[in-house]
Each structure stands twice: as C-alpha cells, then as structure tokens.
There are 2 protein chains.
Amino acid sequence: MTHSYATHLSCPKCKNTYSIEGIHQLCSCGSPLLVRYDLAKAKSKVSKESLSGRESTLWRYHEFLPVLQKENVVSLGEGFTPITSLNRLGSSISLPSLFLKDEGLVPSGSFKARGAAVGISKAKELGVTELAMPTNGNAGAAWSLYAAKAGITAHIVMPVEAPEITRKEVLISGGRLYLINGLISDAGKTVAAFVQEHDCYDASTLKEPYRIEGKKTMGYEIAEQFNWSLPDVILYPTGGGVGLIGIYKAFRELLELGWLENDKLPRLVAVQSEGCAPIVKAHEAGESSSVFWENSQTKAFGINVPKALGDFLVLEAIAKTNGTAIAVSEADIEIYQRKVAQEEGQFICPEGAATIAAATKLRESNWISHDEQVLCLNTGMGIKYPETVLSKTIPTLEKGERIKEEYH
Amino acid sequence: MTHSYATHLSCPKCKNTYSIEGIHQLCSCGSPLLVRYDLAKAKSKVSKESLSGRESTLWRYHEFLPVLQKENVVSLGEGFTPITSLNRLGSSISLPSLFLKDEGLVPSGSFKARGAAVGISKAKELGVTELAMPTNGNAGAAWSLYAAKAGITAHIVMPVEAPEITRKEVLISGGRLYLINGLISDAGKTVAAFVQEHDCYDASTLKEPYRIEGKKTMGYEIAEQFNWSLPDVILYPTGGGVGLIGIYKAFRELLELGWLENDKLPRLVAVQSEGCAPIVKAHEAGESSSVFWENSQTKAFGINVPKALGDFLVLEAIAKTNGTAIAVSEADIEIYQRKVAQEEGQFICPEGAATIAAATKLRESNWISHDEQVLCLNTGMGIKYPETVLSKTIPTLEKGERIKEEYH
C-alpha cells in the first residue's frame with residue numbers, strides 16, 4: 001500500500017519545482033514552497049469511506065502527508081480533535097449553528113503539535129539532526145517535544161514575554177532555549193544568523209514546507225467531521241497564517257479528490273487583534289501582501305506577528321473564498337474567553353476567544369446570517385495562559401471551618 | 001435503540017440495591033454504590049465490532065454508561081485518548097513493550113474530565129441544580145467546567161496548596177471556589193457540613209455512584225485499543241483509587257460480555273508516593289482496608305489522599321488480579337518525569353511519572369518480566385504543574401544579538 005502520494009515541492013510564486021527527497025527551505029525566488037501530491041492517482045486508490053475505523057489521529061490521512069515511509073512517523077497521538085456545538089452561547093448571539101473545533105486536545109495543548117508532528121517526522125526522514133526556530137512559545141514547545149522523541153537537537157528562540165509555561169516545555173524536553181528582548185520577528189533574525197553559521201535546518205514558519213502539511217489536516221478533519229459538507233464560514237486566529245493557509249490547501253485537495261458534497265468552499269475569516277492587524281489592513285486596502293505592523297501588542301500572544309512570510313497566501317485564501325479579515329479588541333477577547341467558559345464549559349485560549357468575538361461582530365454587521373453554519377477554531381488550551389484569568393479574593397477556610405453564606 | 005443498559009445501583013458491601021432513577025449517594029450501610037447493567041441483554045444486542053466508526057469519545061460505550069437519555073449527555077469531546085509506545089525509555093529499563101495511555105489529551109488536561117462528563121450528565125438527568133465537592137484541584141476544575149456547560153452551580157473546596165492553575169479553571173467557569181488550610185480530607189469535612197445544611201448534591205469521590213462509570217471507560221478503551229487482548233500489567237497512580245476501581249470494573253463487565261480474547265486479567269498495580277502510601281501499607285499487611293496516613297506529603301498532589309473511601313475496592317482489585325501496590329520516591333518521580341520528556345517527547349504529570357518509576361522498580365525486582373506488555377497511565381498534562389520543572393538560567397539576547405557558542 002502506498003503510504004504517501006506526495007510527488008514534489010512547488011513554488012506558488014514562480015512555479016519552480018523541487019524534489020520531495022532532499023532538504024529544501026525557501027524557493028530560490030524567496031517564496032515558501034508547497035508540497036504537491038498525485039491526487040488523480042490517489043483518487044483511484046483511496047476512498048473517503050475507507051477512513052472510517054482508521055486511527056483517530058491526523059495520520060489517518062497519511063496518503064496526503066509528505067512522510068514517504070511509515071517508520072519515520074513520529075507521533076504522540078495528535079489530531080482528530082472534537083468539534084463541540086456552542087448551543088447556549090450561539091443562541092445568545094443569534095448564531096444557533098455555532099461550532100468550535102478544540103485544538104487544545106493535542107500533545108502540548110496547542111494546534112502547533114500538528115505542524116511539529118509532521119514537520120519533525122519529515123525532518124527525521126530527511127536525516128536532520130539539528131534545527132533552529134523562532135517562536136511565540138507554543139510552536140517552540142511542540143517542536144522541542146517532538147524533536148526529543150525523534151532524537152533531534154532543537155534550538156528555540158522566543159520573546160521574553162512569551163507564555164512562561166512554554167519555556168518549561170522546552171526545558172524539560174531538553175531543547176536549547178534562548179529568550180530575546182523583542183518580538184518573534186527579532187527572534188527570526190537571530191535564527192537566520194544561527195542557521196547560516198551552523199549549517200543547521202531552519203524550521204521557521206514556512207521556511208520548511210512540511211509544517212503546513214500537518215496543519216492542513218485540520219481541514220481534512222473538518223470535512224470528515226461535517227460529513228463532507230463544509231460549514232458556511234470558518235474563523236481562524238491569524239498570526240503567521242499557516243493554519244488558515246493549510247485549511248484552504250486541504251479544501252482544494254479535497255475538491256480535486258472529489259470528496260466534498262459540493263464545490264462551494266466556506267468563507268474563510270482571518271481573525272486578528274486590534275493591536276496587531278497587518279492582514280486586516282492589507283485586506284481592507286485590497287493589497288496582495290501586508291506591511292510590517294509597528295509596535296504590535298496583544299494578550300493573544302500567538303497572533304502577535306507583525307509581518308507574516310505567508311501573508312500573500314492568507315490574503316489569497318480569503319479573496320478566493322469571498323472571506324474577510326477582521327480585528328477584535330482586547331476587551332472582547334477577555335469577555336468571550338469568559339463567556340465560553342461560563343456558558344459552554346470550555347477554557348479556551350485568548351486566540352480562540354478572538355474568533356468568537358469576531359463571529360459576534362460579523363453577525364451584528366450581517367456579514368454572517370442567522371441560519372449559517374459557523375465554525376470557530378480554538379487553537380489551544382486556556383490553561384497555557386493562566387495569567388489571562390484575573391485573580392480575585394478567594395475565601396480561605398481553616399480546618400473545621402464552615403462555608404459562610406456570604407462566600408457563595 | 002437502547003441508549004443504556006443500566007438497571008440499578010448495588011452495594012458491594014451489604015448487597016442492598018437502589019433505583020437508577022432517583023438521587024442516591026452512599027448506601028445506608030455507608031459504602032459507595034456501584035452501577036449495574038443488564039449485560040446479558042446487552043451482549044445479544046451490541047457487538048464489539050459495531051464500535052468501529054463510532055465517535056472517538058468515551059460515549060462510544062454509551063450502552064455501558066448510566067445516562068438513560070441521549071439528550072442529557074454533556075460532552076466536550078472527552079476520551080479515546082492515545083496509547084503511545086515508549087520504545088526508547090522502555091529499552092533502557094529492560095521493558096521493550098512499555099506503553100503509556102495519555103490522559104492529558106482531554107478537556108481540562110486531566111483524566112478527571114471522564115468522571116466529570118459522566119457524573120455531570122447523570123446529575124443533569126437527575127435534575128440536580130447545585131452540587132459541592134472536595135478536590136485536590138483537577139477534579140474540581142473538571143467538574144466546575146462541565147457543571148457550567150450543564151447550567152449547574154458547583155461549590156468546590158480545595159487545599160491552598162493545590163496546583164494554582166486548577167483555581168483559575170474553577171474561577172473562569174463560574175464555580176464557587178473555597179480554599180482550605182489543610183488536606184483533601186479536611187475539605188471533605190467542610191463539604192459534608194455544607195451539603196447537609198443546604199440539601200445539596202454531594203459530588204465527593206464515590207459519594208455519588210457515576211463518576212466511576214466515566215473513569216471505567218479507560219478500561220473499555222484499553223481493551224479496544226489492545227484489540228481485546230489486554231496487556232500483562234497496568235500501573236495506575238492511586239489517590240482516591242477510582243481510576244483503578246473503574247478499570248477493574250470495566251474488565252469484569254467485558255468478561256461478562258465475552259468481548260475479551262482470554263480470561264486472564266492484567267495484574268493491576270496501585271502506585272503511590274512514599275510520602276502518602278496508605279494502600280501500599282494495607283496491601284503489604286494483607287489488610288482489606290487502609291488506615292489514615294498522618295502528615296502526608298508529595299509533589300504528585302493528585303495522589304495526596306491519606307484515606308480513600310474506596311480503599312477496600314482498590315485492595316480487592318489488586319488481590320483478585322494478583323497485582324500489587326508500590327510506593328516510589330519523590331526523587332524518582334522527578335527523574336522519570338524528565339526522562340519521559342527527553343526520550344519520548346511527552347510532558348507528563350508527576351502522578352504519571354510515578355507509574356514509570358514504579359514499572360522500573362518492579363522490573364528490577366523481577367516482579368515484571370522482560371517480555372511482558374506493560375501499560376502505564378499518565379493521568380494529566382505536565383503543563384498543569386509548571387512548578388515541577390526546575391527553572392534554570394536561560395540565555396537572554398538583545399535584538400540583533402547572536403547566539404554564542406557557550407549558550408548551546
């Protein structure tokens with residue numbers, strides 16, 4: 001049985017192609033590379049019905065992933081995350097068909113595990129023994145853990161302000177951690193210098209072509225979980241944008257495979273914070289790429305990315321699906337994070353909360369209508385950001401003391 | 001289609017029975033109650049082959065859960081967690097067939113979500129609107145979240161020393177949180193007084209009969225994931241003991257259903273810390289119940305339970321399966337937590353690490369032999385206990401600064 005139908009890498013800008021077997025980072029033209037598959041052949045060999053009963057991880061789609069030999073797969077059980085129905089909250093914002101895909105339920109508690117699982121598996125297949133990457137925290141944590149499993153040395157550079165728990169994940173798994181007094185863009189420069197000096201694999205976002213393949217499995221899962229009839233709107237918190245690009249790539253592949261019930265793709269929405277909204281600005285101006293966002297700031301740290309290498313791919317995905325880009329306020333992020341916990345029992349991360357806030361705004365402006373099926377992506381667990389929950393005075397009892405009326 | 005084959009509650013001590021429809025807490029004799037099913041009828045209606053293709057949550061076993069009406073199910077996508085193979089670590093401790101079931105990959109990041117999902121669903125079915133419970137942190141967090149989803153008010157009492165993140169989970173989901181200067185046993189006394197005064201549902205461990213049913217699904221999953229041929233040894237971190245009792249109950253039900261490939265059950269091992277080992281002490285003395293452990297202390301906070309209500313059931317499960325109980329040192333917990341992260345890429349909790357330390361000891365003493373299949377349970381994510389990872393000096397760079405050789 002063929003484990004993967006991957007055939008080559010291609011450049012979405014200059015159309016140059018590269019082999020899937022050697023190490024390639026960016027195209028010689030400077031653009032990220034994308035993995036291509038022989039989907040015509042796959043279509044004749046693999047049916048969507050055959051998926052039922054496969055393992056409940058992202059590897060159920062192994063034919064459409066770039067790892068050629070099964071024995072190179074490095075897995076911790078990631079993927080096939082649940083989709084919950086947000087009935088109560090949805091009704092209160094006039095969106096009765098509101099759903100949430102919970103990417104907190106993967107190793108390391110963030111969707112970054114998908115990119116790390118596929119990225120590290122492919123790195124192992126390519127013989128990589130040492131890599132470096134900049135991160136806003138969660139990606140570095142995930143890559144450090146999977147690298148440990150694969151026996152690869154990982155150099156991780158993150159801003160001093162990145163969530164503290166992600167430092168601990170890197171440290172305990174033996175990753176080489178460096179902090180930087182700056183943003184992820186500054187970390188990126190340090191990594192660029194390091195990989196050049198050390199001839200080391202560059203695992204920066206989109207500088208290796210495989211992370212996106214892991215993230216695209218969210219799109220395959222959404223299709224399968226919605227029984228191959230996609231929702232009307234999908235909202236995604238957008239920093240580097242790879243999640244959104246990946247989901248769009250998945251849908252295009254599924255169209256080619258003929259697995260979708262109809263040809264209409266969901267309108268894709270890139271959600272950003274008002275404190276860092278370069279994609280929103282570019283989309284509103286009708287530009288095909290974004291401009292570096294000065295002095296960016298947001299508590300949704302994962303989307304504090306002032307300029308994304310794949311910005312043109314995000315803007316294309318939005319445009320081609322009649323989607324949009326929208327920024328939400330820090331106050332709304334906090335409000336909706338609390339609402340989801342109190343009404344739906346899910347402690348989601350600030351980035352995930354931003355998508356709920358965005359859905360509310362888009363419903364208010366009637367960009368989304370009442371009867372549409374709407375899917376928000378929660379990209380990680382709230383417990384990775386304990387500092388986002390305000391402390392309050394908690395009654396403290398001595399042994400034998402009773403709970404007083406005024407406490408509850 | 002019958003949603004559940006549950007028929008009644010029965011007392012494992014005095015054999016008294018109760019209806020599954022009203023609210024019942026302990027038996028009049030003081031013992032916990034257990035849920036019973038018409039397994040003979042279920043056997044003729046449900047086949048294990050029919051499970052394939054069902055949703056990948058614990059609700060795939062709904063016929064063997066106590067929720068009678070499907071509409072009462074409160075689910076956040078919990079269960080059907082992955083089992084990973086610990087190849088590298090296993091080889092290094094002469095256990096080539098060492099596996100880990102990762103209970104971190106559920107809502108709230110701990111196996112307590114299983115008990116909360118089934119417990120809250122049944123509480124909803126019974127019309128409960130307010131509940132109270134003592135907790136070492138993780139159970140309270142999970143119950144508070146699921147209670148929020150169900151619209152039930154939850155009063156949660158936890159020791160001041162319980163992991164701080166679990167406080168945040170209770171607060172953000174709107175639970176009523178109280179801290180106590182003492183242990184979970186002290187919290188239990190406060191809850192007992194509160195439920196009596198307020199005529200409120202007591203959700204304390206084993207004082208309601210349904211939490212264990214959620215936890216037993218670990219046993220169903222282990223059987224299905226091992227293709228109905230169970231491993232030789234299962235190690236479980238044991239505080240209140242409900243996880244272990246639940247797994248044993250599951251295996252007995254599966255035997256009755258005729259779903260297992262052979263009648264030999266795994267040897268069950270209760271793992272405790274040297275700082276709190278009442279079950280170990282009772283098992284070694286051949287007793288059928290335990291004695292309160294004075295001045296208990298361990299960094300594996302979830303198993304800091306000086307006297308468990310279900311101790312006699314744990315001891316019975318161990319005895320009937322030719323299992324054992326073993327205590328591990330605090331130093332070993334730390335060592336094996338780090339080893340699992342550095343060699344297997346999984347950041348597990350201290351309680352989970354205790355089971356790996358115990359497997360190592362039992363292999364050294366030859367209680368486990370080289371060729372046996374051994375399954376350890378990791379009951380939660382390491383990120384819920386960030387304080388267990390030692391901080392060290394991390395190199396901090398200024399913008400534009402390069403990574404120096406001496407840093408890596």
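A: Happy to; here is a walk through a few of the salt bridges, one pair at a time. Please keep in mind that this is a predicted model. Searching the whole structure, over all chains, turns up 46 salt bridges.

Let's start with a pair that crosses between chains. Lys149(A) forms a salt bridge with Glu344(B), and their closest N and O atoms are 2.9 Å apart. Lys149(A) belongs to helix α4 (residues 138-150) of chain A, while Glu344(B) belongs to helix α11 (residues 330-344) of chain B. Lys149(A) has a relative accessible area of 17%, so it counts as buried, the cut-off being under 20%. Glu344(B) is buried too, with a relative accessible area of 1%.

Next come two pairs within chain A. In helix α7 (residues 211-225), Glu213(A) and Lys216(A) lie 3 residues apart, about one turn of the helix. The two are joined by a salt bridge whose closest N and O atoms are 2.7 Å apart, and both residues are buried.

Helix α11 (residues 330-344) of chain A holds another pair, Glu343(A) and Lys339(A), spaced 4 residues apart, again about one turn of the helix. Here the closest N and O atoms of the salt bridge are 3.7 Å apart. Lys339(A) is partly exposed, with a relative accessible area of 27%.

Finally, there is a network to look at: Lys101(A), Glu103(A), Arg114(A) and Glu221(A) are joined into one by salt bridges that share partners.

Notes: Residues numbered from 1 in each chain as written. Chains lettered and ligands numbered in written order. Predicted model: local features only at pLDDT ≥ 70, side-chain atom pairs only at ≥ 80, totals over all residues. Heavy atoms only, no water. Salt bridge = Lys/Arg side-chain N within 4 Å of Asp/Glu carboxyl O. Buried < 20%, exposed > 50% of the residue type's maximum accessible area, 1.4 Å probe, protein only.
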